[in-house]
Amino acid sequence: MRVSLKFSAGLAALVLALGAFPALSAPPASSSGTAIAIMQATAATQSGDCQAAMAPLNQLWHDPYLEQSDPKLAAQFRFQLIACTAQLQGIPAALALSAENITRAYDINAYDLHVFLQLIGGKGDEATATLNAALTQFPAQAPDLTDMSVIGVLITNRESHPEVAQAMLNRLEEGRWQIHDISGRPLMGLLRLEGLRTSVKAGDTVHADLYRADLKADAPFYIVSQGDGDISQAAVPAEPVRPVLNREIEEVKAVISANPANLSALAYLMHLEITNDQNALALTQLGGILDLVDKYGLDKFSSPDAYPGLLTTRAELYARTGRFLEAGTAYEAGAKALGPEKSADLLLSYMNFLVDRGQDTDALAVKGRITAPDAAQQATLAMTEACARAYGGDKAGFAASMAGLSGQNLMQVKPLLCAGDSDSAAKVLIAAMANPATRDTMIAFMQEGLPPISVSNRDDAFIAALLALKKRPDVRAAAEASHIIIRPWPVRLN
């Protein structure tokens, strides 16, 4: 069985992360055969020729001289043999070798590779057991575990075995593990928020304190944690969030400076800078990278899936900075660059922009350009169209669009406000606060951040209605009943 291209890419990344392509080094003096095998294996692996590498790697796997003289180098060659076996013979054969390898583990990397192979092989329970064994055998090396193995185990267990995921997350917190891919921080923020809630509910103050310490370094999720009365106290002031946000921004900028081709990191930077109300700066930075994409081609950049969102963000940033004509141009250019199959989210943002600007006819014309929307996109489309119909006085069209939002309570808030029905909008918010599935969204929504940026006189009126809705006595009372703490924040949350 040959491994898939996706697996090969993942394994290559893991090999590079763990340093499994050894540089040509001085061989042990005790064996000329060892020296020749090292040179042959190194030359073959560095040229990517696994077939030629197999014989010398097999020899080095069983070489006692190398094991005694340089155990770290021996471990690297064992790692490479496993990787080549996976490529040439498939996962089962690689797993058999890897199982033997962890009995000779030089460091936590041997376990990390085994976890990764088990996950690829669909052996989630075994991977969890291996990761636990790694943390027991090499607790001080926990920070060296790769993202693919750790996140794979956590996500595998999160829905099916939440107690197992919580126990694993606790151990990772004890070992002070941090995600290495900076664009993965939002996922870890969510997992830590869940971990904090579980720890508080269980009366586990030790792990709760560890989660709180990490959440303090994660501005977006710290804000949510401070708005949750089940895990925070209203009487205890929140710590300043702006310095944390500034530090996070500088860290992401450093990653992008080292690798401007990292589009997922760029998308994360845009999110942070928009939150920090640095829209003009974000637009300049984003424009510079997108110019490079135009010049060199998207295939030269990592995380190409982030590209459609970045084109949407560029248009939205033009709008946020008051450059409305350029926003429209950016939307049109983005739609052309993406084509019909990938432009749905961008066109939905365009529709919303046009409605907020008072251009309802133009907005409804854009609807016809959206092809094959998924369920979430259909809900967004219904919400935006409902607003356009409400502003245009089309009661039948408004009712039809609202029918498409049945079961999508939070999506009904904006069109209800567009229609001037703040009482119904309040009822939707109150119901959402009591719903565990939407409570986090409501915690973030109810915070008093910087007001939304207006793009027109119509938008001024909508924003005023939105802020008034949040301050209604019945909405505030519902927030208190749902243990939602409303705090002021000097950042932009909506």
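In helix H10, the buried residues (under 20% relative accessible area, where over 50% is exposed and values in between are partly exposed, with a 1.4 Å probe and protein chains only) are Ala165, Gln166, Met168, Leu169, Asn170, Leu172 and Glu173. The model is predicted, so that local features need pLDDT of at least 70 and side-chain atom pairs count only at pLDDT 80 or more, whereas totals for chains, interfaces and linings use all residues. Residues are numbered from 1 along each chain as its sequence is written, and side-chain values use heavy atoms, with hydrogens and water left out.

Helices are DSSP runs of H or I with at least four residues, numbered from the N terminus. Helix H10 comprises the 13 residues 162-174. The expected span of a helix is 1.5 Å times one less than its number of residues; for H10 this gives 18 Å, which agrees with the 18 Å between its end C-alpha atoms. The cover over the buried residues of H10 includes helix H8 (124-137), helix H9 (147-158), helix H11 (185-202) and helix H12 (205-215). After H10 comes Arg176, which has a positive phi near 60°. An α-helix has 3.6 residues a turn, so residues three or four places apart point the same way.

A disulfide is defined as a pair of cysteine sulfur atoms within 2.5 Å, and by this rule the count is 2.

Another disulfide joins Cys387 to Cys418, with 2.1 Å from S to S. Because Cys387 lies in helix H21 (residues 375-391) and Cys418 in helix H23 (residues 413-418), the pair connects parts that are 31 residues apart in sequence. The link of Cys387 and Cys418 is right-handed, with 70° about the S-S bond. Cys387 has a relative accessible area of 1% and is buried; Cys418, at 8%, also counts as buried. When the bonded cysteines of the chain are numbered in sequence order, the pairing reads 1-2, 3-4.

Individual residues were also examined. Ser98 is part of helix H6 (residues 91-102) and is buried, its relative accessible area being 0%. Contact means heavy atoms within 4.5 Å. Apart from neighbours within four places in sequence, Ser98 is in contact with Ile82, Ala110, Leu113, His114 and Leu117.

Glu273 is located in helix H15 (residues 263-275). A salt bridge requires a side-chain nitrogen of Lys or Arg within 4 Å of a carboxyl oxygen of Asp or Glu. Lys and Arg count as positive and Asp and Glu as negative, while His and the chain ends are not counted. Glu273 is buried yet has no salt bridge, and Lys253, the nearest side chain of opposite charge, is 4.9 Å away. With neighbours within four places in sequence set aside, Glu273 is in contact with Ile249, Lys253, Gln278, Leu281, Ala282 and Gln285.

Pro452 occupies the loop between helix H25 (439-446) and helix H26 (457-470). Residues up to four places away in sequence not being counted, Pro452 touches Ile463, Leu466, Leu467, Arg492 and Asn494. Pro452 and Ala464 are separated by 12 residues in sequence and by 9.7 Å in space, C-alpha to C-alpha.

Conventions: Helix = DSSP H or I, 4+ residues; strand = E, 2+ residues; numbered from the N terminus.
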